[in-house]
Amino acid sequence: MKLSQFKFRLPEELVALEPTAHRDECRLMVLHRKSGKIEMTKQDEEGNDLKDEEGNPDYLDFRNILDYFDEDDTFIFNDTKVFPARLYGTKEKTDAKIEVFLLRELNRDLRLWDVLVEPARKIRIGNKLFFEDDGPMVAEVIDNTTSRGRTLRFLYDCPHDEFKHELFALGEAPLPRYIIDRRPAVPEDMELFQTIYAQKEGAVTAPATGLHFSRELMKRMEIRGINFAYITLHCGLGNFDSIEVEDLTKHKMSSEQMFVEKEACEIVNRTKEAGHRVCCVGVSTARATESAVGTDGLLKEFEGWTNKFIFPPYEFGMSNALVANFYHPESPMMMIQASFGGYDNVYKCYNQAVKNGYKFGCFGDALLIVDD
């Protein structure tokens with residue numbers, strides 16, 4: 001398919017800058033991928049759409065996801081943990097303000113980090129960056145990796161755990177650029193931009209669909225007999241990179257580190273073999289499981305990196321349900337949804353979402369895609 005096939009007009013006011021008051025209160029749209037049926041509102045026993053007290057459509061909310069799953073179904077979650085990756089420093093001599101976005105630690109003993117800097121044109125090898133007026137956190141640029149990428153060596157002599165604590169204390173929640181350009185990050189964002197089940201540190205952006213799961217909702221799922229399986233994919237910035245080619249077969253995704261352990265495989269495979277539903281929570285989970293699925297349709301243990309880029313036409317080998325947010329035009333996340341639910345079906349969902357004022361982005365509303 002072509003990049004231009006994923007264009008649509010997204011009004012700026014439909015991009016969510018804040019989460020809902022409670023995690024599980026966003027709207028939920030449901031697509032039945034075989035029939036193409038789309039559900040948006042709650043219904044009575046006769047199948048009639050319900051209205052709220054003011055006569056407006058009574059939209060499905062995320063808690064209604066329970067209505068589409070039964071005992072012994074399994075949800076697969078990405079338990080990666082976001083760290084405060086965005087820092088602000090100043091360049092030596094000029095005092096120019098520099099944004100430093102931490103990507104990953106390259107060498108813990110040498111304090112080497114792979115980062116992005118902005119504005120990149122001002123940052124050259126040998127420059128020093130200061131992160132506090134009178135504090136000890138200083139970094140030296142030792143390599144250029146990409147146009148915006150740099151390798152920094154932090155000049156901070158202390159035990160590694162203390163260094164990480166001090167470094168992260170200077171950072172803020174790594175909200176997407178489309179949010180941070182319209183409002184500043186606040187301390188509360190580190191909690192709001194983190195799933196309640198996050199365990200393994202390494203992500204520089206949240207697995208956004210997981211943000212909708214509250215403790216109350218997961219308890220209700222547990223009571224119903226739904227299984228939870230946890231895999232890890234450390235979400236990077238690849239899904240936010242602009243795709244520069246019209247022919248999608250020529251696009252290369254950035255690699256992300258992932259882990260699929262034995263326990264998750266056993267839970268998922270037992271569910272599949274029994275004929276129950278397996279739901280991937282978010283596109284990061286879908287990419288990870290499709291990177292680790294065998295030709296027999298079963299999940300395999302995996303430790304390594306994936307740069308899998310999924311776009312239509314693509315046949316999923318792992319899950320038979322997917323829940324994910326509504327995303328920006330021409331984004332790899334939308335392409336995964338279109339691959340799973342069918343391009344025409346998903347495009348209709350997006351048109352309905354815009355028409356009915358659904359919210360887009362990491363704090364936006366959700367689309368559940370199921371078989372009939």
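Modeller: Let's start with a term: buried means under 20% relative accessible area, exposed means over 50%, and partly exposed is in between, with a 1.4 Å probe and protein chains only. This is a predicted model, in which local features need pLDDT of at least 70 and side-chain atom pairs count only at pLDDT 80 or more, while totals for chains, interfaces and linings use all residues. Residues are numbered from 1 along each chain as its sequence is written, and side-chain values use heavy atoms, with hydrogens and water left out.

Biologist: Thanks! Is F8 buried or exposed?

Modeller: The relative accessibility of F8 is 15%. The cut-off for buried is under 20%. F8 therefore counts as buried.

Biologist: How many aromatic pairs does the structure hold, and is the pair of F8 and F360 stacked or tilted?

Modeller: Rings of Phe, Tyr and Trp (its six-membered ring) pair if their centres lie within 6.5 Å; planes under 30 degrees apart are stacked, over 60 edge-to-face and the rest tilted. The structure holds 29 aromatic pairs. For F8 and F360 the centres are 5.9 Å apart and the planes are at 40°, so the pair is tilted.

Biologist: How many residues apart in sequence are the parts that F8 and F360 tie together?

Modeller: Helices (H or I, at least four residues) and strands (E, at least two) are DSSP runs, numbered from the N terminus. F8 lies in the segment before β1 (28–32), and F360 lies in the loop between α8 (343–355) and β17 (366–370). F360 counts as buried, at 0% relative accessibility. The pair therefore ties together parts whose separation in sequence is 352 residues.

Biologist: Why is helix α7 largely enclosed by the rest of the structure, and what does its cover include?

Modeller: Helix α7 (residues 332–341) is largely enclosed because 10 of its 10 residues are buried. Among them are M333, I336 and F340. With contact meaning heavy atoms within 4.5 Å, the cover includes β1, α6 (283–292), β16 (321–325), α8 and β17.

Biologist: Which residue follows α7, and what is its phi?

Modeller: The helix α7 is followed by G342. The phi of G342 is positive, near 95°.

Biologist: In which sense do β5 and β6 pair, and which residue is the bridge partner of T90?

Modeller: Two strands pair if DSSP finds at least two bridges between them. Strand β5 (residues 86–91) and strand β6 (residues 97–107) have 5 bridges, in the antiparallel sense. Their hairpin has 5 residues between the strands, and K93 there takes a positive phi near 75°. The bridge partner of T90 in β6 is K97.

Biologist: Lastly, how many helices and strands are in the chain, and what percentage of its residues is buried?

Modeller: The chain has 8 helices and 17 strands. Of its 372 residues, the buried ones make up 53%.
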